[in-house]
Amino acid sequence: MDSFAQRFHIDATPVAAQSQCVIRGNTRLTVLTPSMLRVEVQADGKFCDSATQSVWHRDFCNPTFIVIEVADTLQIRTEKVTFVYSLSKQKMLSVLLPGGKRVTDYKSGNLKGTCRTLDITAGIITLGDGVCSKNGVAVLDDSTTLAMQPDGTILPREHKESDLYFFAYGRDYIGATTDLYKLTGKVPLIPRYALSNWWSRYKAYSQDEYLTLMDRFKEEEIPVSVATVDMDWHWVNIRKKFGKDSHKPGFHRNFMEYVYDVWSTGWTGYSFNTELFPDPDAFLKKLKDDGYRVTFNIHPSMGVRWFEDDYEKMATAMDIDPKSKKAVAFDITNKRFIENYFDILHHPMEKKGVDFWWIDWQQGKHTAVPGLDPLWALNHYHFLDNAKHGNRPLILSRFCGAGSQRYPLGFSGDTTQTWKSLASQPGFTATASNIAYPWWSHDIGGHCMGKKDDELYVRWVQLGVFSPIMRLHSTNNEFAGKEPWNYSAPAAKAATDALRLRHKLLPYIYTMNYRTHNDCRAICEPMYYVYPDEENAYKCKNEFFFGTELIVAPITEHTAQSTNLAGVNVWIPQGRYTDIFTDRIYSGNRFVKMYRDIANIPVLAKAGAIIPMSTNERKNDCTNPESMDVLIYRGNNTFHLYEDDGETLAYRDGAFFKTAFTVCEDGDKVTFVAEKAEGDSSVVPASRTYNFMFKDVVSADVIVTVDGKRAKMQIGKAGKGICVTVTAKPEAKVKVMLGNCVYLTNENEKDLLVRTVSKFQMSTDRKGMIFNGFVNGKKKMPNVGADFAGPIEEIKNLHR
């Protein structure tokens, strides 16, 4: 195995067992699971057993099945599904699902997946198909993907074929996507630092400007963990700096590509702009010393030109005479170029402090290898290369087809700064689960165009808190920055509170990160994943699960000036749900339009929800906390807190720590237990203070034991609930027993009405009419108008 093959080796298991295959002439049917069938048609009967760009594993299940052959028709019956295939027509005639439903249309009903980019979109998005269908059967077409080669390269398949995967999971969407992950590759565990707040902006910062900005975040006590530096870190105005002959383009397929290349001469660069960054080493050292992780933006399409600092090394390595000033063409299909690309251009900068790369490829889909998209190749090679020192690899780049979850994170492109763009993102993010793509990173606040709108900014940041990645971003217009202090005082406070909450949620989000990696469940999932037979679950497209404990319904419309409130229509599943911000308690199964002021959005905790959080919400420390707030809602549930060092691959060898938190409700008693933890305690603090915050228990008799012995505690308030504070070793068993509990109920209608109507921008006399009509139980309220009627109706709904 040569050096390239060693560096870019993949662990794939692409060959299915012969017992899973049924071959008839030029057709091979492979039963991959009881609900998944691969159908290949190849003219000469030469089928593909290689890993492809999308599919890496075909041996993860050993299903049993029988084959019934009648004339030219094959019936393949598994324990769950019957596939009926015509050999003469080379067509799947039907799929018989559990319950007797027969499906013949595999296109309609598809719940869609995701797309390559949201660049310059405003809510109008065409999504590719996913593997979930209301109809019960979806198809993944792998016919045009290339084959992974043993030497680490990617080439067209040796024999062209039709290669389809039939996902016949009915409405078991979790089963379908879980097996898609197994087929195409699981999601790596994301480094912990990536789950806090990112600062990013397309702006030509100077070294001092950028460092001063990051210091300002610290002064404002707004935690930022990732410092993103857009393309202006390198020389951009090439002709002005190096002369009109500075651009000597490399490989071009046609004249238009040449024109585009010439027009955008500054997009590619590998040398610091020393007019902006006079001391790059000191710049990176300061960021690292202050606890930031660093990513730099790259557009590598123009190769390496003569004015680059490392041109001579790169040219010599590629057998080009440096004196010729001939550009080293970008060629991601050339093994020699790829190795030198990383060794000469990227690794030296990584040693100085660049942790990972933002691959901002927008220059077409063609390479010297037919069918190989350069974006896919860049994602693949960059991610594998970033793992070289035993740390968890990471990139930021656009989606490039099924299997892209192997290369997190996803950069959704330059979104427009509009309400339509904001309104499209919650559903877009959750729907990506249908193609196993869980880690989208959006330009929170919108990148470009639009206009300054404080409320739009706040609502976007509030969505960002409950998004896979929280990355502020904007264009280089002097007035487009997303710093909270550049907005009005109410907006600045709301945004700052949201950013602190995101950091505070790290223990919860990181546990969901592990769930994504281990259990193949996205942190943001559509409501129909858990409620596939509830028609209402398909109607609330912008509402989603955020992990196991929360339902989020972002507000994506303007506040009504008449009420100072904005609304969102929320479907509440069966059960009891409590808003973590307002403490309002809702019961399902129904739609309720919920109204909120600028401070928050509806975020509902299920009965029994357990939400572990850090108490460190003002510093950018991402380590496992010494003190935790644990939000607890009465009910019956277990939450498994997962912790490790957050950065290395040591967790694969057992360096992790799992703690089971369990809450049980029995009449007027609530018991919470932090069980003895399992794993390596060296990855957590030696001692930990827990603030167990029983959010919907107003008062109770409290007993605490640690490892079976009565323990000291402090009792305080947690909003309207009680807080029990205990200090113990993380591996100890802590038990909190509440007796004679008085449970939280919704505020009485009169008081809630007064607080709500007080915000209305109308005459006090008219407010009095509303109040009197309400408290006197009049069937018909005064005609107050739609803006005012909605919030009043929500109050009524709370007591139904």
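1. M512 is buried, with a relative accessible area of 3%, where buried means under 20% relative accessible area, exposed over 50% and partly exposed in between, computed with a 1.4 Å probe on protein chains only. This residue, M512, belongs to helix 13, which spans residues 506-519; helices (H or I, at least four residues) and strands (E, at least two) are DSSP runs, numbered from the N terminus. Leaving aside neighbours within four places in sequence, M512 is in contact with I523, G547, T548 and F639, contact being heavy atoms within 4.5 Å. The C-alpha atoms of M512 and A522 are separated by 8.0 Å, the two residues being 10 residues apart along the chain.

2. On the basis of these values, this is a predicted model, in which local features need pLDDT of at least 70 and side-chain atom pairs count only at pLDDT 80 or more, while totals for chains, interfaces and linings use all residues. Residues are numbered from 1 along each chain as its sequence is written, and side-chain values use heavy atoms, with hydrogens and water left out.

3. Helix 13 also packs with helix 12 (residues 489-504), at an angle of about 55° and with the axes 5 Å apart; axes are lines fitted to C-alpha atoms, for helices over the stretch in contact, and angles run from 0 to 180 degrees between N-to-C directions. Helix 12 and helix 13 are therefore oblique to each other, given that angles under 35 degrees count as roughly parallel, over 145 as roughly antiparallel, 65 to 115 as roughly perpendicular and the rest as oblique. On the helix 12 side R502, H503 and K504 take part, and they meet L506, P507 and I509 in helix 13.

4. Helix 8 (residues 335-352) and helix 9 (residues 374-385) pack at about 50°, with their axes 12 Å apart, which makes helix 8 oblique to helix 9. Their crossing is right-handed; a crossing is left-handed if the near helix is turned anticlockwise from the far one by less than a right angle, and right-handed if clockwise. I338, Y341, F342, H346, H347 and E350 of helix 8 make the contact with L378, Y381, H382 and D385 of helix 9.

5. For helix 10 (residues 419-431) and helix 11 (residues 454-465), the packing angle is about 15° and the axes are 11 Å apart, and the two helices are therefore roughly parallel to each other. The crossing of helix 10 and helix 11 is left-handed. W419, S421, L422, Q425 and P426 of helix 10 contribute to the contact, together with E455, L456, R459, W460 and L463 of helix 11.

6. Which residues of the largest nonpolar core touch the most other members? Of its 216 residues, they are F296, F466, F672 and F694, a nonpolar core being a set of buried Ala, Val, Leu, Ile, Met, Phe, Trp, Tyr and Cys residues joined through side-chain atoms within 4.5 Å. Not counting residues up to four places away in sequence, F694 touches I632, V670, F672, G721, I722, V724, V736 and L738. A second, separate core of 20 residues includes L29, V81, L97 and F166.

7. M302 lies in the loop between strand 15 (293-298) and helix 7 (311-317), and M302 is buried, with a relative accessible area of 3%. M302 and T33 are 269 residues apart in sequence and 45 Å apart in space, C-alpha to C-alpha.
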